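Reader: I would like to work through a model by its features, starting with the fold and ending with charged side chains. Can you take them in turn?

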Amino acid sequence: MNSHILIGYAFDKTHRVILDGAPYAQIKKAYIQTKVSDKYSKLEIWSRANGLEKSKRLRNTEGIAGAVDSADGETSPGDDFKIDEPAETKPAKKRKGKAS
């Protein structure tokens, strides 16, 4: 039977073997549980026979959580972000050719 390895890469560029020598079903359960944690920036599933099976980069939720201001998900502009005027809309171009 083919065994798999689950490897997690931390934000400080170190890696850790989370689960080694387990069947794919166990690796997939551990992958889903580890994916929601804030410990890792990247997760990889490796097969001993086939090599890299799956690689997933994870978001850093600490930086994203600070940008969300209200309950409906709107972001508030910071000190380095300034909106002067809204962008102008261009009129739609007419299409040349056969009209249907």
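Author: What follows goes from the overall fold to the sheet, and then to individual residues. Keep in mind that this is a predicted model.

Reader: How many helices and strands are there in the protein, and what pattern do they follow along the sequence?

Author: The protein has two helices and four strands. Read along the sequence, they give the pattern β-β-α-β-β-α.

Reader: Which overall figures go with that fold?

Author: Of the 100 residues in the protein, 20% are buried. The accessible surface is about 8,700 Å², and carbon and sulfur atoms account for 51% of that surface. Among contacts with a separation of 6 or more, 40% are between residues 24 or more positions apart.

Reader: Now the sheet. In what order do the four strands lie?

Author: The order is S2-S1-S3-S4, in an open sheet with antiparallel pairing.

Reader: How many bridges join S1 to S2, and how many join S1 to S3?

Author: Strand S1 (residues 4-10) and strand S2 (residues 15-22) run antiparallel and are joined by six bridges. One of the pairs is Gly 8 with Arg 16 in S2. S1 and S3 also run antiparallel, with seven bridges between them. There, Ile 7 has Glu 44 in S3 as its bridge partner.

Reader: Next, charge. What is the general idea behind a salt bridge?

Author: Side chains of opposite charge can pair when their charged atoms come close. In this protein the count comes to two salt bridges.

Reader: Which residue forms a salt bridge with Asp 20, and where in the chain do the two residues of that pair sit?

Author: The partner of Asp 20 is Arg 48, with the closest N and O atoms 2.6 Å apart. This pair links distant parts of the chain, since Asp 20 is in strand S2 and Arg 48 is in the loop between S3 and S4, 28 residues apart. Asp 20 has a relative accessible area of 45% and is therefore partly exposed. Arg 48, at 52% relative accessibility, counts as exposed.

Reader: And which residue forms a salt bridge with Glu 44?

Author: Lys 42 does, with the closest N and O atoms 3.2 Å apart. Glu 44 is in strand S3 (residues 40-47), and Lys 42 is found in strand S3 too.

Reader: Are Glu 44 and Lys 42 buried or exposed?

Author: Both are buried. The relative accessibility of Glu 44 is 6%, and that of Lys 42 is 18%.

Reader: What else surrounds Glu 44?

Author: The side chain of Glu 44 makes a polar contact of 3.3 Å with the side chain of Tyr 9. Beyond its neighbours within four places in sequence, Glu 44 contacts Ile 5, Leu 6, Ile 7, Tyr 9, Leu 52, Lys 54 and Ser 55.

Reader: And what does Lys 42 touch?

Author: With residues up to four places away in sequence not counted, Lys 42 touches Ile 7, Gly 8, Tyr 9, Ser 55, Lys 56, Arg 57 and Leu 58.

Terms used
Residues are numbered from 1 along each chain as its sequence is written. This is a predicted model: local features need pLDDT of at least 70, side-chain atom pairs count only at pLDDT 80 or more; totals for chains, interfaces and linings use all residues. Side-chain values use heavy atoms; hydrogens and water are left out. Buried means under 20% relative accessible area, exposed over 50%, partly exposed in between (1.4 Å probe, protein chains only). A polar contact is a pair of N or O atoms within 3.5 Å; within protein, one must be able to donate a hydrogen and the other to accept it, and residues adjacent in sequence count only if both atoms are side-chain atoms. Contact means heavy atoms within 4.5 Å. Two strands pair if DSSP finds at least two bridges between them. A salt bridge is a side-chain nitrogen of Lys or Arg within 4 Å of a carboxyl oxygen of Asp or Glu. Accessible areas come from the Shrake-Rupley method with a 1.4 Å probe; for residues, only the protein chains shown count as cover.
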